[in-house]
Each structure stands twice: as structure tokens, then as C-alpha cells.
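Good morning, and thank you for the time on the agenda.

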Amino acid sequence: MKTLLKLTFSDKAVPLLERFEFGNSTGGRQVSVRSHDALGRGALEEGVFPWNRGMRALSVLLLRAHVAFHEGGILPVISGYPGSLAAALDYALSKSPHWLVGLFGSDSAGCPNIDRLIRRTNPECTMPGPVSLGVNEHVLDVSAIEIFGAGGRLGPPAARSLIEELVAEDERTQLARAQQRGAPIGAASRQGEPCPFGPAFQPYWDRLSPRERGMLLDEEALAHLCPEEAALATAAVTPGTHVIDAFCGAGGSAIGFARAGKRVTAIDICRERLEMARFNAALYGVDDRIRFVHGDARELLHSLEGETVYLAPCWGEESTLGQRRSKLVSFTPLGGEFVRTALKGGRNVVLQLPIHFDFNELKSLGRPVNVSEDRVAGELFSYSALLRAA
Ligand SMILES: C[S@@+](CC[C@H](N)C(=O)[O-])C[C@H]1O[C@@H](n2cnc3c(N)ncnc32)[C@H](O)[C@@H]1O
């Protein structure tokens with residue numbers, strides 16, 4: 001029997017998986033439907049699954065595999081720390097509940113097919129770092145994944161929207177549960193979880209959302225990461241459909257541009273940092289919209305396409321009479337010279353500026369400038385200065 005894997009979603013504002021069909025030569029054909037009990041109690045019956053976080057995570061993973069297959073991207077992984085959507089699927093896989101085994105059936109020796117279909121790295125986060133889950137393409141034929149809505153078969157763009165909605169709904173539900181428990185919301189709710197890089201990095205960790213905490217980072221990448229809220233704010237004021245992120249780091253800003261629907265060319269001189277960015281982009285399901293280029297932006301910039309160049313360098317700062325100020329010369333590498341080179345290509349340039357930046361200097365660049373604020377949980381994180389092409 002050829003592999004068959006069909007996921008049918010409802011057409012509701014918040015999508016629900018209604019039906020799951022799987023068939024292959026070893027497991028035969030299984031059909032499971034969603035439990036109509038909100039608590040998923042009916043899932044104890046044969047052929048019924050609960051619409052819980054583990055099932056939502058599995059749906060996201062399969063939807064992303066479907067998109068990657070049709071759009072030519074690499075097969076995705078979902079990953080995260082305890083409390084994340086990925087960790088919910090990891091937990092379900094460890095517990096092997098009746099409904100999860102029932103989705104994919106068992107082989108002739110009675111072993112659940114699910115155990116071979118999903119690859120897990122660092123199950124239950126027993127080692128430092130996140131758990132990662134991916135589809136085992138040697139066992140599951142991803143070309144067989146088909147997605148349906150109430151109106152019939154859905155293509156990759158609709159599958160992408162489903163992923164966004166499922167992830168957003170999960171974040172809303174988690175937030176509402178935290179509120180019910182009386183936990184603080186917003187940035188305050190993120191505080192309290194110890195930073196894996198030690199107390200010195202706690203303030204950087206506290207500003208990250210649960211999803212960002214599943215990213216691959218090192219200490220420096222964490223300290224420099226543009227949090228998603230600020231990255232999306234920057235993307236909203238960045239013109240053009242193709243952005244070159246000349247100093248992409250672990251990918252905070254590049255992911256923001258890609259989530260806003262732009263194509264991105266992401267450069268970093270540090271190969272490890274670039275690999276982090278690639279992993280992190282996959283975590284957000286946007287790795288196929290980003291081209292990752294290893295090298296020195298000073299040498300690469302002139303040969304790459306893109307209407308807008310985004311510059312978020314490592315900023316230094318000076319202190320005069322107790323006043324902290326960052327200037328273009330404190331920009332590593334090459335200070336203001338690099339900004340002038342970027343402007344020469346006739347492209348728009350967006351500069352991420354630290355909150356202590358000396359704005360007088362921008363006048364010397366001879367371009368009209370629009371400055372906007374990037375905030376995280378209401379607090380000023382940085383400025384984005386748009387220097388429009390002449
Ligand atoms: C401030 S971080 C960027 C952070 C990033 N916007 C984010 O949200 O994760 C600056 C990055 O520039 C890289 N870098 C420094 N000099 C570079 C050069 N000449 N060409 C390309 N990348 C460079 C560093 O390796 C570092 O990862």
C-alpha cells in the first residue's frame with residue numbers, strides 16, 4: 001500500500017484538525033477523528049484524538065514538511081525548551097498515549113509506527129539545550145502529505161496560514177492559562193526562568209518570548225539578538241520586498257523580515273552564527289525565505305541583490321561626563337564608512353540604532369531620514385533609521 005497521510009482542518013477562524021488519515025504497507029489504514037469533548041476525554045476511544053498541544057505540534061510539523069516539500073525547502077524541525085509546543089509533542093512521544101499510537105498504527109511486530117516516523121534530538125531536554133523534532137523522511141514519504149479544508153484540497157500558501165494561526169492560537173492559550181493562574185503577563189511573565197548562560201545574561205533572557213527561548217544562541221548572540229517584537233516593528237517600516245541583512249547574527253532581525261513576507265539575504269562573517277540563524281529561521285518556519293551567505297559584508301554587499309540594506313552592527317559606546325553616546329565611528333566594522341558604502345548602491349538603508357545614539361550624525365549622511373522606535377513589551381529597545389535611496 002502506498003503511503004497516505006491526509007490532514008483535514010475545519011474552516012473556523014481558529015483552525016481545528018478534524019480528521020487524520022494514515023496508511024502504509026506495514027500499518028494498514030487508520031482513520032482518526034477529533035474528540036468533541038473539549039478536554040479530549042473521548043480520545044480514550046479507538047480512532048479518536050484530543051485537540052491538545054501535542055496534537056497541535058504534530059500538525060504544525062506535518063504542515064511544515066508539506067510546505068517544504070512543495071516549495072523546495074529543507075525538511076523542517078520544531079524545537080523548544082520545556083513549556084514549548086515542541087516539548088508538548090516530545091512529552092506525548094515519551095508517554096506514547098493510545099490516541100497517538102492509534103494515528104499511525106503499528107508494524108507487524110506490534111511496534112508503534114510513530115516511534116520511527118519522528119526523529120527526536122535531546123528528548124525531554126535531558127542535556128542542556130532544546131529538544132528538536134523532525135519528520136524521518138526515510139520512513140515517512142513527505143510527498144504523500146495532503147492538506148484539506150472544508151472547501152477541499154489546500155496548497156502550500158494556505159498551509160502556511162494554518163501554521164501561523166495554530167502557533168498564534170497556542171501562544172494565546174498559554175498566555176490565558178498563565179493569567180488564570182494569576183501569573184504576571186507580558187515581559188514580567190517571562191521573568192523567573194533562569195538564563196542558561198548564567199545570571200549575567202538574565203536581563204537579555206527575560207525579554208525573550210517562549211518561542212525565542214527555543215532558538216540556538218550563544219552568549220554573544222543572545223546579547224545581540226533583536227527580539228521578535230522589535231524585529232517585526234523594524235520590518236514594518238522597511239521598504240522593499242528583498243532585504244539584505246548584512247550582519248545577521250543568530251537571525252533575530254532576518255526572521256522578522258521573513259515573517260513580514262520579505263525575501264532576505266542574510267550575511268554573517270561568523271560561520272557558527274550563520275548556522276544558528278539557519279536553525280532559528282527553521283524554528284519560525286521561514287528558512288526557505290532566507291538565503292544564508294557566509295562572508296565579510298564589506299566584500300559581498302556590492303554583488304548581492306536587494307532593494308534595502310539592513311545594518312545592525314555591534315555598537316560600541318563612549319561616555320563623556322557621565323553621558324552615554326553611540327556614534328557612527330563606534331560601529332564595528334568600519335564605522336560610518338560602511339553606511340556610506342551601502343548608500344552608494346542606490347539602495348535604501350535601514351540602520352538599527354542603539355538608544356544612546358547621537359542623532360546629529362545622521363545629517364552628515366546627506367539623505368532624508370525617518371526614525372522610528374522599536375519597542376519590546378512597551379520599553380524602547382532600539383531605533384530604526386530609514387535612509388531612503390536618493
Ligand atoms: C549585533 S549582531 C547582529 C544581531 C542580529 N541583528 C540579530 O537580531 O540576531 C552583529 C553580527 O555582525 C557580524 N559581523 C561583524 N563583522 C561582520 C562583517 N564584516 N561582515 C558580516 N558580518 C559581520 C557578527 O559576527 C555578529 O554576528
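A word first on conventions. This is a predicted model, in which local features need pLDDT of at least 70 and side-chain atom pairs count only at pLDDT 80 or more, while totals for chains, interfaces and linings use all residues. Residues are numbered from 1 along each chain as its sequence is written.

The protein chain contains 13 helices and 20 strands; helices (H or I, at least four residues) and strands (E, at least two) are DSSP runs, numbered from the N terminus. Of its 390 residues, 39% are buried. Here a residue is buried if 20 or more other C-beta atoms lie within 10 Å of its own, exposed if 12 or fewer, and partly exposed in between, with C-beta atoms placed from the backbone. If we take contacts between residues at least 6 apart in sequence, 59% join residues at least 24 apart; a contact requires C-beta atoms, placed from the backbone, within 7 Å.

Now the sheets. Two strands count as paired if DSSP finds at least two bridges between them. Within this sheet, β1 (residues 4-9) and β2 (residues 17-24) are antiparallel over 6 bridges, and Thr-8 has Arg-19 of β2 as its bridge partner.

Another open sheet has 3 strands, ordered β5-β7-β6, and its pairing is antiparallel. Here β5 (77-80) and β6 (118-121) are the edge strands, each with a single partner, so one side of each is left without a neighbour in the sheet. Neighbouring strands in this sheet are turned by 15 degrees against each other on average, direction ignored. β5 pairs with β7 (residues 131-135) over 4 bridges, with Val-77 bridged to Gly-134 of β7.

Just beyond α1, Gly-72 adopts a positive phi of about 75 degrees.

Helix α10 (residues 252-259) has 7 of its 8 residues buried, among them Ile-255 and Phe-257. Those buried residues pack against α9 (228-236), α11 (271-283) and several strands, including β10 (242-245). The axes of α9 and α10 lie 8 Å apart at an angle of about 55 degrees. The two helices are therefore oblique to each other; angles under 35 degrees count as roughly parallel, over 145 as roughly antiparallel, 65 to 115 as roughly perpendicular and the rest as oblique. After α10 comes Gly-261, with a positive phi near 95 degrees.

Finally, Asn-113 sits in the loop between α3 (98-104) and α4 (114-117). Why does Asn-113 count as buried? Because it has 20 C-beta neighbours inside 10 Å. The C-alpha atoms of Asn-113 and Val-101 are 7.4 Å apart, although 12 residues separate them along the chain.

Terms used:
Two residues are in contact if their C-beta atoms, placed from the backbone, lie within 7 Å. Axes are lines fitted to C-alpha atoms, for helices over the stretch in contact, and angles run from 0 to 180 degrees between N-to-C directions.
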